[in-house]
Structures are given as structure tokens and as C-alpha cells.
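Okay, thanks for coming, everyone. Let me put the model on the screen and then we'll walk around it together.

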Amino acid sequence: MKYLLLGTSGCHLCELAEELIHECLVGEESITVELIDIAEQTQWQEDYATLIPVLLHIPTNKSLNWPFTKEQVLTFIKQYHDQTISN
């Protein structure tokens, strides 16, 4: 299962979000998160530039916007992980 973390390089909040998400994924080999620098990806800028960092679930296009806690990240990931398993 793949997620994107939309942000920008050098953004302190984006770095905090990335660290928090990686803490949540310890031991979860089936889940990947790729950091996308929206400053270099114009297709993301219009929708997300004022919201970063944003954790995006690719298949559903659902997002979790900053600020988020570890518990919120775990709930967000579990929700879509459980849906994938049940389908």
C-alpha cells in the first residue's frame, strides 16, 4: 500500500511529519510512504500548496492534513489497510 507525503524540501513541519509517519510504520513492510516535493511537481501545487504537509492515500485520494498526531496517522493508515485486506 502506498502513501505520499506532500511537502517541500527544507520545510521544518514536513520534516517533523515525515519523522512521525516513519515512527508509525516501524515493522510495516507492506506500507510505503514517498516524500514528494511539490515545489518541483506543479500538478500538486494548486490543491496542496497551502496545506502541506499532507499524507495522501493514493488509491482513494483521501488525505490527512497537518497538524496530525501519531494516533491520527495510525488510525488513517489502519483504516485504508483494513479496507484493502477486506477487499
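Let's start with Leu-16, which sits in helix 1. Keep in mind as we go that this is a predicted model.

Now the helix itself. Helix 1 has 13 residues, and from its first C-alpha to its last it reaches 19 Å, close to the 18 Å you'd expect at 1.5 Å a residue. Which residues of helix 1 are buried? They include Cys-14, Ala-17, Leu-20, Ile-21 and Cys-24. These residues lie on the same side of helix 1, because the arc they cover around the axis is only 125 degrees.

On to the inside. In soluble globular proteins, nonpolar side chains tend to be buried together. Here, the largest nonpolar core has 16 residues, and Tyr-3, Ile-21, Val-33, Leu-55, Phe-68 and Val-73 are the ones with the most contacts inside it. Strand 1 (2-7), helix 1 (12-24) and helix 3 are the elements that give two or more residues to this core. Another core lies apart from it, with 11 residues, among them Leu-6, Cys-11, Ile-52 and Leu-56.

Let me pick out Leu-55. Which residues does Leu-55 contact, once you leave aside its neighbours within four places in sequence? The list includes Tyr-3, Ile-21, Val-33, Phe-68 and Val-73, and also Lys-62, Ser-63 and Phe-76.

Phe-68 deserves a stop of its own. You'll find Phe-68 in the loop between strand 4 (62-65) and helix 3 (70-86). With a relative accessible area of 4%, Phe-68 is buried. Setting aside neighbours within four places in sequence, Phe-68 is in contact with Ala-17, Leu-20 and Ile-21, and also with Pro-53, Leu-55 and Val-73. Val-54 is 14 residues away from Phe-68 in sequence, with 9.3 Å between their C-alpha atoms.

That brings us to the aromatics. A pair of aromatic rings is described by the distance of the centres and the angle of the planes. How many aromatic pairs does the model have? The count comes to 3. One of them is Trp-44 with Tyr-48, a tilted pair at 6.0 Å centre to centre and 50 degrees between the planes. Trp-44 and Tyr-48 are about one helical turn apart, because they are 4 residues apart in helix 2 (residues 42-48). Both Trp-44 and Tyr-48 are buried. Then there's Trp-66 with Phe-68: the ring centres are 5.0 Å apart and the planes are at 80 degrees, so that pair is edge-to-face. Trp-66 is partly exposed, at 23% relative accessibility.

Next, some backbone details to look at on screen. The peptide bond from Ile-52 to Pro-53 is cis, with omega near -5 degrees. Pro-53 is in the loop between helix 2 and strand 3 (54-57). There's a cis peptide bond joining Trp-66 and Pro-67 as well, with omega about 5 degrees. Pro-67 belongs to the loop between strand 4 and helix 3. And Asn-61, in the loop between strand 3 and strand 4, has a positive phi, near 60 degrees, without being a glycine.

Last stop, His-57, in strand 3. This histidine is buried, with a relative accessible area of 2%. What does the side chain of His-57 make a polar contact with? The partner is the side chain of Thr-60, at 2.7 Å. Not counting residues up to four places away in sequence, His-57 touches Met-1, Lys-2, Tyr-3, Lys-62, Phe-76 and Tyr-80.

Okay, that's my tour. Over to you.

Key:
Residues numbered from 1 in each chain as written. Predicted model: local features only at pLDDT ≥ 70, side-chain atom pairs only at ≥ 80, totals over all residues. Heavy atoms only, no water. Phe/Tyr/Trp six-rings, centres within 6.5 Å; stacked < 30°, edge-to-face > 60°. Buried < 20%, exposed > 50% of the residue type's maximum accessible area, 1.4 Å probe, protein only. Contact = heavy atoms within 4.5 Å. Core = buried A, V, L, I, M, F, W, Y, C linked by side-chain atoms within 4.5 Å. Expected span 1.5 Å × (residues − 1). Arc of directions from axis to C-beta. Polar contact = N/O pair within 3.5 Å; in protein donor to acceptor, adjacent residues only side chain to side chain.
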